[in-house]
Every structure is written in structure tokens, then in C-alpha cells.
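Let's take a walk through a protein model together. Have the sequence and the 3D view open, and turn the view as you read.

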Amino acid sequence: MLQTMYSQDGIGLAAPQVAVNKQLLVVDGDPEDAATPPLVLINPKITRYSTEFAKGQEGCLSIPGVYLDVIRPAAIEVSFKDELGKPCKLQVDDLVARVIQHEMDHLNGVMFVDRVDNAIALNQELKKNGFAIKDVKKIK
Ligand SMILES: [Zn+2]
């Protein structure tokens with residue numbers, strides 16, 4: 001999964017995206033920086049959301065070419081097991097919090113386009129890239 005993520009210039013990948021039916025995701029908020037290794041999250045659970053929200057542009061290896069703004073909690077606390085099975089808990093914000101929430105959505109069958117508020121931008125961006133609005137399921 002790490003190889004797939006890096007080969008596609010991704011910063012996160014969830015197991016269902018590569019047809020693996022597991023609660024597993026990988027995240028690397030800064031692939032250029034070898035000093036910060038990628039995170040492997042097994043059975044991740046978000047245990048806390050910040051009350052502060054942030055808007056940021058997201059893309060997805062499963063919907064290539066589509067980039068849209070999504071509003072999400074700015075910071076989260078997440079519990080998971082690492083690749084060695086060790087229980088871990090992390091508090092993250094900004095990009096890494098966004099990527100983890102995006103990837104965890106995949107574990108629940110939710111795509112980031114389902115969370116886009118701007119319907120006009122969504123429609124335009126999907127059309128431009130050969131996707132259809134009917135494939136988006138509005139979740140809020
Ligand atoms: Zn994605």
C-alpha cells in the first residue's frame with residue numbers, strides 16, 4: 001500500500017482503495033521528508049474531534065484529477081494499532097488530521113466528494129474529469 005501511495009504521489013491510502021477489505025490505512029503527510037516515516041493505522045478510531053473546523057482542498061487516488069474544498073474538524077485524536085500491533089494514540093491537526101479523516105471515510109464507504117458543499121464546483125470538477133454527479137451520495 002505504501003508503494004502504491006508513493007507511486008501515485010499520494011499522501012494517504014485506505015485498504016479498500018486497493019481492494020483489501022480491512023480497516024487499514026497508510027498516511028504520509030510529508031513524503032519528501034525521510035525523517036518523518038509514514039503512519040500505518042490498523043483498526044483506527046477517531047476518539048476526539050476539535051470543535052474548530054477547517055476548509056482545505058482534497059484529492060483522491062480513486063477519483064484522479066478531481067480537487068475540491070472540504071470542511072472538516074481541524075484536529076482529531078485517533079487510536080489505532082501500528083504495523084507491529086502496538087496500540088497507539090495520536091493527536092494530529094492540519095494536513096495529517098485531514099488525510100486521516102479522508103482515509104477513514106474510505107473505510108466507511110464515503111468519498112470526499114460526498115462531503116463537498118459547493119454543488120456547482122463539484123459538478124464542474126466531476127464533469128471536467130469524466131465522472132458523473134449521480135455517483136456522489138450527499139451525506140450531510
Ligand atoms: Zn481518497
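Where does alanine 19 lie? Look in the loop between E1 and strand E2 (24–27). A quick word on those labels: helices (H or I, at least four residues) and strands (E, at least two) are DSSP runs, numbered from the N terminus. Residues are numbered from 1 along each chain as its sequence is written. This is a predicted model, where local features need pLDDT of at least 70 and side-chain atom pairs count only at pLDDT 80 or more, while totals for chains, interfaces and linings use all residues.

Back to alanine 19, which has a positive phi of about 60° although it isn't a glycine. Is it buried or exposed? Alanine 19 counts as exposed because it has 6 C-beta neighbours inside 10 Å. The cut-offs go like this: a residue is buried if 20 or more other C-beta atoms lie within 10 Å of its own, exposed if 12 or fewer, and partly exposed in between, with C-beta atoms placed from the backbone.

Now zoom out. The chain holds three helices and seven strands, and from the N terminus on the elements run α-β-β-β-β-β-β-β-α-α. Along the principal axes, the C-alpha atoms fill a box of roughly 45 × 35 × 30 Å. For 140 residues, a compact globule would have a radius of gyration near 14 Å, and the chain's 15 Å agrees with that. (That radius is taken over C-alpha atoms, and the globule rule is 2.2 Å times the number of residues to the power 0.38.) Of the 140 residues, 28% count as buried.

Next, find the sheet. It is an open sheet of five strands in the order E1-E2-E3-E6-E7, with antiparallel pairing. Two strands pair if DSSP finds at least two bridges between them. Strand E1 (12–14) and strand E7 (87–93) are the edge strands, each pairing on one side only. Neighbouring strands of this sheet are turned by 40° against each other on average, direction ignored; the axes behind that angle are lines fitted to C-alpha atoms, for helices over the stretch in contact, and angles run from 0 to 180 degrees between N-to-C directions. And what holds strands together in general? Strands of a sheet pair through backbone hydrogen bonds, either parallel or antiparallel.

Follow strand E6 (residues 75–81), which runs antiparallel to E7 and is joined to it by seven bridges. Valine 78 stands opposite leucine 90 in E7, and lysine 81 stands opposite proline 87. The hairpin of E6 and E7 has five residues between the strands, and there glycine 85 takes a positive phi near 85°.

What packs together inside? A nonpolar core here means a set of buried Ala, Val, Leu, Ile, Met, Phe, Trp, Tyr and Cys residues joined through C-beta atoms within 7 Å. The largest one has 18 residues, and Leu25, Val26, Val27, Leu41 and Ile100 touch the most other members. E1, E2, strand E3 (39–49), E6 and H2 each supply at least two residues of this core, and H2 gives the most, with five. Leucine 41 touches Leu25, Val27, Val78 and Phe80, leaving out residues up to four places away in sequence. (Two residues are in contact if their C-beta atoms, placed from the backbone, lie within 7 Å.) A second, separate core of nine residues includes Cys60, Val66, Val113 and Leu122.

Ten of its 14 residues are buried, so H2 is largely enclosed by the rest of the structure. Among those buried residues are Val96, Arg98, Ile100 and Met104. Aspartate 94 is also found in helix H2 (residues 94–107), but it counts as exposed because it has 12 C-beta neighbours inside 10 Å. Its phi is near 50°, a positive value in a residue other than glycine. Just after H2, glycine 109 takes a positive phi of about 75°.

Finish in the segment after helix H3 (119–128), where you'll find lysine 137. Lysine 137 is exposed, as 10 other C-beta atoms lie within 10 Å. How many residues separate lysine 137 and glutamate 77 in sequence? They are 60 residues apart in sequence and 27 Å apart in space, C-alpha to C-alpha.
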